[in-house]
Amino acid sequence: MTDNFHNYDTSTASNEKIGVVLDGKLIANDLKSRIAGEVNEMKKAIGKTPGLGIVLVGERRDSHTFIRTKVKACNEVGIVSVVAELPNNSKEGDICDAVSRFNDNPSVHGIIVQLPLPKHLDEEKIMNVVSVEKDVDGFHPLNMGNLAIAGREPLFIPCAPKACLELLLRYGMDLRGKKAAVVGRSKIVGLPTSLLLQRHQATVSLVHAFTGNPEKVTCQADIVVSDVGTPNTIRGHWLKPGAVDPKRSSGYRLVGDVCYDEAIKKVAAITPVPGGVGPVTIAMLLSNTLDSAKRCYDFT
Ligand SMILES: Nc1nc(=O)c2c([nH]1)NC[C@@H]1CN(c3ccc(C(=O)N[C@@H](CCC(=O)O)C(=O)O)cc3)C=[N+]21
């Protein structure tokens, strides 16, 4: 594989360097047109349409916005989406019942439970109810466990980590032996990203709230993935000159974790917020849903 970053010239004065901006929007559009084509072929060949079931609990504005974006993306590629909306004060049993109905519904091939859930609910218990075969978020402990273990294949890999990997690979990054620092260990991004990168032969450090001097780890890394959720945490001096930084948004604000203005002068490549990892993450959800439907009907 070619490595576009090899041409990066570290001899120039650091404040004159401008990194490549990894265009997530472009890659997402490319993925979506491929998915739309495959969805169409499936319809023509076997008369089946991939379906996504979404469980949305409560009134959080950000969750409602994300779900609207996901539903819209489904429509764009011809995937059917069904949203089960439950009130904030729902009992654990109510959520589990909604998930079970999707489990039992043969026209639903993928299920996501939008996170975070209201505090009184046990997230892990609910994740456990999602059928492993329909777990397009990849958060089920079996899928997560298989991601961690070499030689095992998870049925689904979480969407944001897949998006980070896709961005790195599309831009010609060879991960073998590269040093990667993942900042944050959430179930949605940090933890599975660290697992996925080590599967691709990177040397991974997982930095978190109890890590002393995290910048000492990140400034040695060739790749930094940030999942901290606090804007501008990753400052310029946290980064090694010429590193790649597929950072992701804070999730709830449209501001990157990485201090963009400082970082772009230093890194070989960076993802913007918005328009970086976010749109590719959504495309990966569609891709996982299509894969699930293909597996369900043994359609290749
Ligand atoms: N079960 C579950 N699965 C998730 O995948 C999940 C979740 N819960 N809870 C919340 C986080 C957050 N997340 C994002 C996905 C896309 C963008 C995204 O596309 N952002 C756009 C901007 C969006 C806008 O303009 O509103 C961008 O970065 O360009 C952001 C955030 C998925 N999450």
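**View 1. Salt bridges across the interface of domain 1 and domain 2.** In this predicted model, two salt bridges turn up across the interface of domain 1 and domain 2. Zoom in on Lys187 and Glu124: they form a salt bridge, with 2.8 Å between the closest N and O atoms. That pair sits well inside the cut-off, because a salt bridge here needs a Lys or Arg side-chain nitrogen within 4 Å of a carboxyl oxygen of Asp or Glu. If you go by polar contacts instead, the count between domain 1 and domain 2 is two residue pairs.

**View 2. The side of domain 1 that touches domain 2.** Helices α2 (61–77) and α4 (123–129) are the elements giving two or more residues to this side. The largest share comes from α4, with three residues.

View 3. Domain 1 covers 46–130 and domain 2 covers 157–279 of the protein chain. Between the two, the contact draws on eight residues from domain 1 and four residues from domain 2. Their centres, taken over C-alpha atoms, are 28 Å apart.

View 4. How much area do domain 1 and domain 2 bury between them? The figure is about 430 Å², and 56% of it lies on carbon and sulfur atoms.

Note on methods. Residues numbered from 1 in each chain as written. Predicted model: local features only at pLDDT ≥ 70, side-chain atom pairs only at ≥ 80, totals over all residues. Heavy atoms only, no water. Domains from an automatic or database assignment. Contact = heavy atoms within 4.5 Å. Buried area = accessible area lost by both parts, 1.4 Å probe. Polar contact = N/O pair within 3.5 Å; in protein donor to acceptor, adjacent residues only side chain to side chain. Helix = DSSP H or I, 4+ residues; strand = E, 2+ residues; numbered from the N terminus.
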